[in-house]
Amino acid sequence: MSRSAHPAGPRHADVLPEGHYSAPPADLNALDPKVWSRTVARDERGVATVGGIGVDALAEEFGTPAYFLDETDFRARCRAWAEAFGADADVFYAGKAFLSRAVVRWLKEEGLNLDVCSGGELVTALSAGMPAERIAFHGNNKSEDEIHRAVEAGVGRIVLDSFQEIARVAHIAQSLGKRQPVQIRVTVGVEAHTHEFIATAHEDQKFGLALAGGQAAEAVRRALKLDGLELIGIHSHIGSQIFDMAGFEVSARRVVQLLAEVRDEHGVELPEIDLGGGLGIAYTSEDDPREPHEIAKALNEIVSRECEAAGLRTPRISVEPGRAIVGPTAFTLYRVGTIKPLEGLRTYVSVDGGMSDNIRTALYDAEYSVSLVSRTTDAAPMLTRVVGKHCESGDIVVRDAFLPSDLAPGDLVAVPATGAYCRSMASNYNHALRPPVVAVRDGEARVIVRRETEEDLLRLDVG
């Protein structure tokens, strides 16, 4: 189904203003599999489908805005990561990307472990049946209550982030008559930003204990002396949305150097290293993420080579993909409201969500794709900025994107690759109601996180 084109703003590359966009796509109706989950397609009507269900039917049943999560894709990505690293390594899904009890059950069934970084994430994991020994607990400022709950539950590891926390966890573990497995998070002086890394400037951050200056080595000394702790390894995390493995190579080399120093000083070879997460996904067609088997091969080779050079046994490797699993599996569905052409600039397309359901564009200047999904069209492309309905000029969902020039109020548009951090970071700004998360699989759709209601807002307002 299509509508005839009508002028709605600048359409030709030679008159477009500067921005984040590339040339208009050859086919506005195409849904690039790079950025869409694996069961997304168009049906014979031209309507986009996921799990065999049209977005028009989904909008009718669940409303907009809403996140639609392709369960088939999510499970397949879990299996791909587990198979890539094999039985001799551990894959911890980073729950901060998106967590719900349904997701916890999927992780458990697909053989992945879970990384949490708050008491709320921990209780979600435990309430959904994730075995405590398959949970890692992160965080730079864990409260005593959170630590007590984690140790009492028997979490498989706590990642220590400060000298104070070393003493705190040891004291709580001893008071409970337990010996808590821990790792020490180190800052290795490498931070990756997509295709670049800077080697000196990041000890200035809130996470970890720096290798430079000997903080990490001192943390190891303290942890080894405390009866309440079982030091099992070193943890490192270098950044987010990483495509280039060069930063991991530098990080692994420095972590292995620390392992060698620990052996030489204490006569102990720590059995594990965790290289963190941050692996990138395709938000636009220009992004080129690596596959899990490529990442596993590269990391295993890096660690094996460095350990052999240092005369160490190769430790067990852990990784923490979050975005790389859930990010590509979901899209956010919106309904178009106001369309406002600005002559010589672009056309502003307002949708019924915004920064309350996706803060990443405003917060990180993140780039996304967007497509008309309720129909196909042969209209010419127009440069647009997709914005939300909030009382905020920075309320931008997609900064620069080409949509068809016959776009009209009531059309459905979707932003792919919103599975990670969008619902997790969603807010009630302007008292917006946070959207639902709907899992779709094999022709069936079910709510796994329901839409908030006005009653939910008022229930918390005790004034």
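Val50 stands opposite Ile53 of strand S3 in this predicted model. Two bridges join strand S2 (residues 48-50) to S3, and these strands run antiparallel.

- S1, S2 and S3 make up an open sheet of three strands, in the order S1-S2-S3, with antiparallel pairing.
- Strand S1 (41-42) and strand S3 (53-54) are the edge strands, each with a single partner strand, so one side of each has no neighbour in the sheet.

**The hairpin S23-S24**

- S23 and strand S24 (residues 444-449) run antiparallel and are joined by five bridges.
- The two strands form a hairpin with two residues between them.
- Asp442 sits in the turn and has a positive phi of about 50°.
- Val437 has Val449 in S24 as its bridge partner.
- Asp442 is exposed, with a relative accessible area of 63%.
- Arg441 has a relative accessibility of 35%, so it counts as partly exposed.
- A salt bridge joins Asp442 and Arg441, with the closest N and O atoms 3.9 Å apart.

**Arg423, a buried charge**

- Arg423 is in the loop between strand S22 (412-416) and strand S23 (437-441).
- Arg423 is buried but has no salt bridge.
- The nearest side chain of opposite charge belongs to Glu452, 5.0 Å away, while a salt bridge requires the nitrogen and the carboxyl oxygen to be within 4 Å.
- A polar atom of the Arg423 side chain lies 3.3 Å from the backbone oxygen of Pro435.
- Leaving aside residues up to four places away in sequence, Arg423 touches Tyr67, Phe98, Asp357, Arg434, Pro435, Val437 and Val449.

**Salt bridges**

- The structure contains 33 salt bridges.
- One of them pairs Glu265 with Arg221, and their closest N and O atoms are 2.6 Å apart.
- Glu265 belongs to helix H8 (residues 246-266) and Arg221 to helix H7 (residues 215-225), so this pair ties together parts that are 44 residues apart in sequence.
- Glu265 counts as partly exposed because its relative accessibility is 44%.
- Arg221 also counts as partly exposed, at 26% relative accessibility.
- Another salt bridge is between Asp400 and Arg385, where the closest N and O atoms are 3.6 Å apart.
- Asp400 is in strand S21 (residues 396-404) and Arg385 in strand S20 (residues 381-387), so the pair links distant parts of the chain, 15 residues apart.
- Both Asp400 and Arg385 are buried.
- A network of salt bridges links Glu71, Arg75, Arg79, Glu109, Glu110, Arg441, Asp442 and Arg446.

**Nonpolar cores**

- The largest nonpolar core has 108 residues, and Phe74, Tyr93 and Ile184 have the most contacts inside it.
- H8 gives the most to this core, contributing nine residues.
- Phe74 touches Leu69, Tyr93, Val103, Trp106, Leu107, Ile325, Val326 and Thr329, not counting residues up to four places away in sequence.
- Another core of 22 residues lies apart from the largest one, and its members include Val35, Val47, Val55 and Val373.

**Backbone features**

- Most residues other than glycine have a negative phi, and most peptide bonds are trans.
- Thr64 and Pro65 are joined by a cis peptide bond, with omega about -10°.
- Pro65 lies in the loop between helix H1 (55-62) and strand S4 (66-70).
- Ala417 is not a glycine, yet it has a positive phi of about 60°.
- Ala417 is in the loop between S22 and S23, and it counts as buried at 1% relative accessibility.
- Tyr421, likewise not a glycine, has a positive phi near 75°.
- The place of Tyr421 is also the loop between S22 and S23.
- With 15% relative accessibility, Tyr421 counts as buried, the cut-off being under 20%.

Technical notes. Residues are numbered from 1 along each chain as its sequence is written. This is a predicted model: local features need pLDDT of at least 70, side-chain atom pairs count only at pLDDT 80 or more; totals for chains, interfaces and linings use all residues. Side-chain values use heavy atoms; hydrogens and water are left out. Helices (H or I, at least four residues) and strands (E, at least two) are DSSP runs, numbered from the N terminus. Buried means under 20% relative accessible area, exposed over 50%, partly exposed in between (1.4 Å probe, protein chains only). Lys and Arg count as positive and Asp and Glu as negative; His and the chain ends are not counted. A polar contact is a pair of N or O atoms within 3.5 Å; within protein, one must be able to donate a hydrogen and the other to accept it, and residues adjacent in sequence count only if both atoms are side-chain atoms. Contact means heavy atoms within 4.5 Å. A nonpolar core is a set of buried Ala, Val, Leu, Ile, Met, Phe, Trp, Tyr and Cys residues joined through side-chain atoms within 4.5 Å. Two strands pair if DSSP finds at least two bridges between them.
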